[in-house]
Amino acid sequence: MRIRVGCEMTYELGQVTPMIAILNVHSSRVSDLERPDYLITTPSVPVEGYRDSFGNWCNRLVAPAGTITLKTETVVRDSGRWDSADPGAEQVQIQNLPAETLLYLLGSRYCETDRLSDVAWSLFGSAPLGWPRVQAICDYVHDHITFGYEHSRATRTAFEAFEEKQGVCRDYAHLALTFCRCLNIPARYCTGYISDIGLPPPHAPQDFAAWIEVFLGGRWHTFDPRNNDPRIGRILIARGRDAADVPLTLTFGPSTLVDFRVTTEEVMGSDF
């Protein structure tokens, strides 16, 4: 299967503004790209790439005052398989966890493990260990939060999402991975593309998405508390502790997003 992915984001800037953009497909999928998804800017400005401490590919630039558009586009070769499940995956005891996973047991900017620990144990402490416990968390979060773009707030934390019972996909992800961490299960935040391929219409407007990866049975597994069902064509952009680590764009000054478009669609035949 071939899937076209890309985005176009236009900002109004009142002054010369340094920016960082994390919009490229993750390095784990680079060999699946039919061409590089270079970041293109209009007007053209120098762009410098680097890897952050989580291994994500980032671009830094200095945008002029006025209007600037950031754009990426590529075609990804994909297996066309639905997200896989492993119901027998076991929870790894803390003393046996690989050292690199321990970071994902800790609280972070949007994930207050200290405020939600008692809640997590009261809700899920009696659930079977491993995959069933994580699925119980995702089921709960999926039902607990009401989705709506009108509920979006960049500063909402996991605890606030739990209290307010509303939000967008990042809030589902933050609450679910916080519960996992409270129960000694490493969990990390993911951002990328999710398609509606294989699903009956009507389809929702295309957007970037957030989900989580949980360490069970010696490897990372994908869970999606927002949709809570398998998808075809889940394409990763970046991973981190939470959304603070992987903003799509970070502007070092006042900015207004005036246009935003995301594409995730199957490409038929040999068309690009």
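Modeller: Please bear in mind that the model is predicted.

Colleague: Which residues carry the transglutaminase-like label, and where does it come from?

Modeller: UniProt lists residues 161–227 as "domain: Transglutaminase-like", in an unreviewed entry. In the model that span is 27% helix and 34% strand, and its end C-alpha atoms lie 16 Å apart.

Colleague: Why is α1 called roughly perpendicular to α4?

Modeller: The axes of α1 (residues 113–124) and α4 (residues 169–182) cross at roughly 80 degrees and come within 8 Å. Angles of 65 to 115 degrees count as roughly perpendicular, and therefore α1 is roughly perpendicular to α4.

Colleague: How do you know that α1 and α4 are in contact, and which residues make the contact?

Modeller: Contact requires heavy atoms within 4.5 Å. On the α1 side the contact is made by residues including Leu 116, Trp 121 and Phe 124, and on the α4 side by Leu 175, Thr 178, Phe 179, Arg 181 and Cys 182. By class, the residues divide into 9 nonpolar, 3 polar and 1 charged.

Colleague: What describes the packing of α2 against α4?

Modeller: For α2 (residues 131–144) and α4, the axes come within 9 Å and cross at roughly 145 degrees. The crossing is right-handed. Among the residues in this contact are Ile 137 and Tyr 140 of α2, together with Tyr 172 and Ala 176 of α4. The contact residues comprise 9 nonpolar, 2 polar and no charged.

Colleague: What makes β11 and β12 the edges of the sheet?

Modeller: The sheet is open, with 4 strands in the order β11-β10-β9-β12 and antiparallel pairing. β11 (219–223) and β12 (235–240) each have a single partner strand, so one side of each is left without a neighbour in the sheet. On average, neighbouring strands are turned by 35 degrees against each other, direction ignored.

Colleague: How do you know that β9 and β12 are paired?

Modeller: Pairing needs at least two bridges, and 5 bridges join β9 (residues 187–193) to β12. In one of them, Tyr 189 has Gly 240 of β12 as its bridge partner.

Colleague: Which strands do α2 and α4 touch?

Modeller: α2 packs on the sheet against β10 (208–216) and β11, its direction making about 30 degrees with that of β11. α4 touches β9 and β10, and its direction makes about 15 degrees with that of β10.

Key: Residues are numbered from 1 along each chain as its sequence is written. This is a predicted model: local features need pLDDT of at least 70, side-chain atom pairs count only at pLDDT 80 or more; totals for chains, interfaces and linings use all residues. Side-chain values use heavy atoms; hydrogens and water are left out. UniProt positions are given in the numbering used here, feature names are shortened, and annotations may be inferred rather than shown by experiment. Helices (H or I, at least four residues) and strands (E, at least two) are DSSP runs, numbered from the N terminus. Axes are lines fitted to C-alpha atoms, for helices over the stretch in contact, and angles run from 0 to 180 degrees between N-to-C directions. Angles under 35 degrees count as roughly parallel, over 145 as roughly antiparallel, 65 to 115 as roughly perpendicular and the rest as oblique. Ala, Val, Leu, Ile, Met, Phe, Trp, Tyr, Cys and Pro count as nonpolar, Asp, Glu, Lys and Arg as charged, and the others, Gly among them, as polar. A crossing is left-handed if the near helix is turned anticlockwise from the far one by less than a right angle, and right-handed if clockwise.
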